[in-house]
Structures are given as C-alpha cells and as structure tokens.
Amino acid sequence: MHALDNRYEDGRILCSMCTKPHPIAKSAFEMFFDSNLGDQGLFPAAAQLEREVIAQLALLLKGKTATGYIVSGGTEANLMALLTAKTMANVDSPEVVLPESAHFSYTKTCNLLNLKPVYAPLDESFRVVPAEVEKLINRNTVAIVGTAGTSELGAVDPIEGLSKIALRHNVHLHVDAAFGGLVIPFLTSAKYPFDFELEGVKSITVDPHKMGMAAIPAGGILFRSKKLLDSLKTETPYLTDKLQYTFVGTRTGASAASTWAVFKALGREGYQKVVDECVKNTSFVAKNLQKAGFTLVCNPTLNIIGFRSQNTKYLAEKLREHGWFITYIPRYDCIRIVIMPHVKPKHTIAFLKDLETISKG
C-alpha cells in the first residue's frame, strides 16, 4: 500500500505546501510516538518540548509575551484564532473581514462558529486592499484577517496597513502565516512586516510541517499574550491538567518533539540556507518560464509561482499525464507550482524540459 503513495523525493510533487520532513524529525517523532499532550501531567517531557518550540517561534515572530500551541495544522489554528476573537467581542451577529484570497479553512471556521464572512478585494498584485478592508468594518466585526503567503500565489498582504486599521477600530487582527511564517523571516531580498512587531497583530498561524520540515501534523498558533487564551479554556475534570486551551483534546507530543528536533538541528542558519535554496530555484524557474513565452500571473513573492499559456487548462492536463503534480486554478486560469525543499534544481530542469516538449507538441 505504501508503494502506491507518491514520494516527495522524486521531485514531481509541485503542488504541495508540505515537504519531506527533515531526517531527524522522524527519529524524534518515533521517540514520542505514544505521548499525549492532552494529558500533560503524564508526559511532562513532551509538554516541555512544546513550550520550548512555542518560545522559539515567539522569538522568531518578535512576540516577547506570545504564547500558544502546536496543533494539527493551519485549519485548527485559524479556528482557534477566530473563536478567540468572537468570544472576546461578544456581539450578536459576528462578522469577520477576509481577503478574497483567504484560505478555504475560513469557510469551515465561519460555518462552525456561525461567523459571517465578508470579503475584501485584492489589488493587481493579489494582495488585499487595506482601504477596502476598513470600509467593511462595522459594529459586528470581531476580526480582520491578513495572509502572509497566500496558498494560491504566495502573496503577502500589507499587514502593516491592516495593523493600523485594527488599532483604530479596536478589532482583532489575525495573520495567517501558515506558509510564510517560516519563509519571510529568512528572506534576504525583501522585507515584509507581518508579525508581533506590529502592535495590531493579536494572533498568528504558522505551520512547522510546511517550510519548517517537521513531521505532519505540526501546525502552530500563537497569541500576543496569555490573556487572550482565557476565552479558549475548558475544564478537564478527570485529566492530570485542570484546563485545556486547544480545540482538539488528544494531541500527539510527537509533533512537538519533531518540530523541536528540526529547530535544534537546523537553527537560524540552517533555515536561512533552506529558504535561500528554494528562492533561488524559484527565481530560476520563473525566469525560464518567461524565456519560454509563458506569462507569470505575478512576480513570485515567496517560493510559489503561477503562470499561464494560451491554453493553460490543457497544458495542466498534459503535465499531469507526464507525471507532474501541479495545480490548476480556474479563477486565475493559471498553473501553480510550489518550490519546496524536496524540489531540487535537477527536478525543475526536468519539469521545464517536459513543459517545452508538451508546448511544442
């Protein structure tokens, strides 16, 4: 059965925002395979590793007082953030202002929490327009969301502008940096303010199982202060801990251990190297796509590329027939590829060669 699955190391998975975990992630995961962070008194070591991982993420994201948890992924993290915002606002008809490019997890979250989603338009670079966001804020608004690395095109919303708006209207600003949270801090070519250094940012989603190269599942949610967690606490009368703050009760400590191990193994310098290689490979692909006559939807901000041809959908189908796992996005009529750490230069060269062959055929 395992042989039926595709392998990241083959380099043909170009549609995923996850990657092959770092080798040390597997060893750490196996060591804590039977641990349960839902009952931390029984597994104090796993709990300690989670606290240290969150402290490291808080340091990276400039949150001196930030706290949070390793959760199942970005969907759960976004749910926790908006649940907090809704509970604290305590209004009768709660609304959340989202970019049109917001991740599909917000559809799930709004349905679960009975939140009305209100969508703000994007600019020509596929970033949300702060002025349009502000127009949509009213007395029912419990939160606004900005994305630091959209899933479709890797765009980074102007979080600094959203932060000012959030402060003006005293509304919760959540930053969805599930993908970009472990990319943007290591970019050398450009800086995109998005983290707790901006006063209006109250919570951030960041997923170690994406560019962090930790084992799945390892999502992350951080809040600016512990006080924000009060709205999430639930009494647990029969466990070793009296309170829980996460949406999911039973949580594997293996995820925290896996993340901790990779953080230790790579450090800032290691992650810097990983991001540099991905960005360099992305730039190589983007330049060669343009040389071959394809149109970029936008200049890549992170390691995600969207491009078009005269018949993009047909090209996408042919690429899949050639064994390339890419994404076709109807609303942008583009092919989307993600240059993750498992995608090496030899793989992108092979992809470009097949692309040229298909185009000429």
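A residue counts as buried here when its relative accessible area is under 20%. Met 213 comes in at 11%, so it is buried. Keep in mind that this is a predicted model.

Most residues other than glycine have a negative phi, and most peptide bonds are trans. Met 213 has a positive phi, near 65°, and sits in the loop between E6 and E7. That loop, which runs between strand E6 (201-205) and strand E7 (219-223), also holds Pro 217. The peptide bond joining Ile 216 to Pro 217 is cis, with omega at about 5°.

Now for another positive phi. Asn 90 isn't a glycine, yet its phi is about 55°. You'll find Asn 90 in the loop between helix H3 (74-89) and strand E2 (95-99). Is Asn 90 buried or exposed? With a relative accessible area of 65%, Asn 90 is exposed, whereas Met 213 is buried.

Next, look at the sheet further along the chain. Strands of a sheet pair through backbone hydrogen bonds, either parallel or antiparallel. Here four strands make an open sheet with antiparallel pairing, in the order E10-E11-E13-E12. Strand E10 (295-296) and strand E12 (327-329) are the edges, each pairing on one side only. E10 is joined to strand E11 (residues 304-308) by two bridges, and Thr 295 stands opposite Arg 308 of E11. Lying across E10, E11 and strand E13 (334-338) is helix H7 (residues 253-291), which runs at about 10° to E11.

On to the side chains. How many aromatic pairs does a search of the whole structure find? The search turns up six. One of them is stacked: the rings of Tyr 69 and Tyr 245 have centres 6.3 Å apart and planes at 15°. Because Tyr 69 lies in strand E1 (residues 67-71) and Tyr 245 in the loop between strand E9 (243-244) and H7, this pair ties together parts 176 residues apart in sequence. Both tyrosines, Tyr 69 and Tyr 245, are buried.

Phe 263 and Tyr 271 meet in another way: their ring centres are 5.9 Å apart and their planes at 80°, so this pair is edge-to-face.

The charged end of Arg 12 sits over the ring of Trp 324, 3.9 Å from the ring's centre.

How values were computed: Residues are numbered from 1 along each chain as its sequence is written. This is a predicted model: local features need pLDDT of at least 70, side-chain atom pairs count only at pLDDT 80 or more; totals for chains, interfaces and linings use all residues. Side-chain values use heavy atoms; hydrogens and water are left out. Two strands pair if DSSP finds at least two bridges between them. Contact means heavy atoms within 4.5 Å. Axes are lines fitted to C-alpha atoms, for helices over the stretch in contact, and angles run from 0 to 180 degrees between N-to-C directions. Buried means under 20% relative accessible area, exposed over 50%, partly exposed in between (1.4 Å probe, protein chains only). Rings of Phe, Tyr and Trp (its six-membered ring) pair if their centres lie within 6.5 Å; planes under 30 degrees apart count as stacked, over 60 as edge-to-face and the rest as tilted. A charge sits over a ring if NZ of Lys or CZ of Arg is within 6 Å of the ring centre and within 35 degrees of the ring normal.
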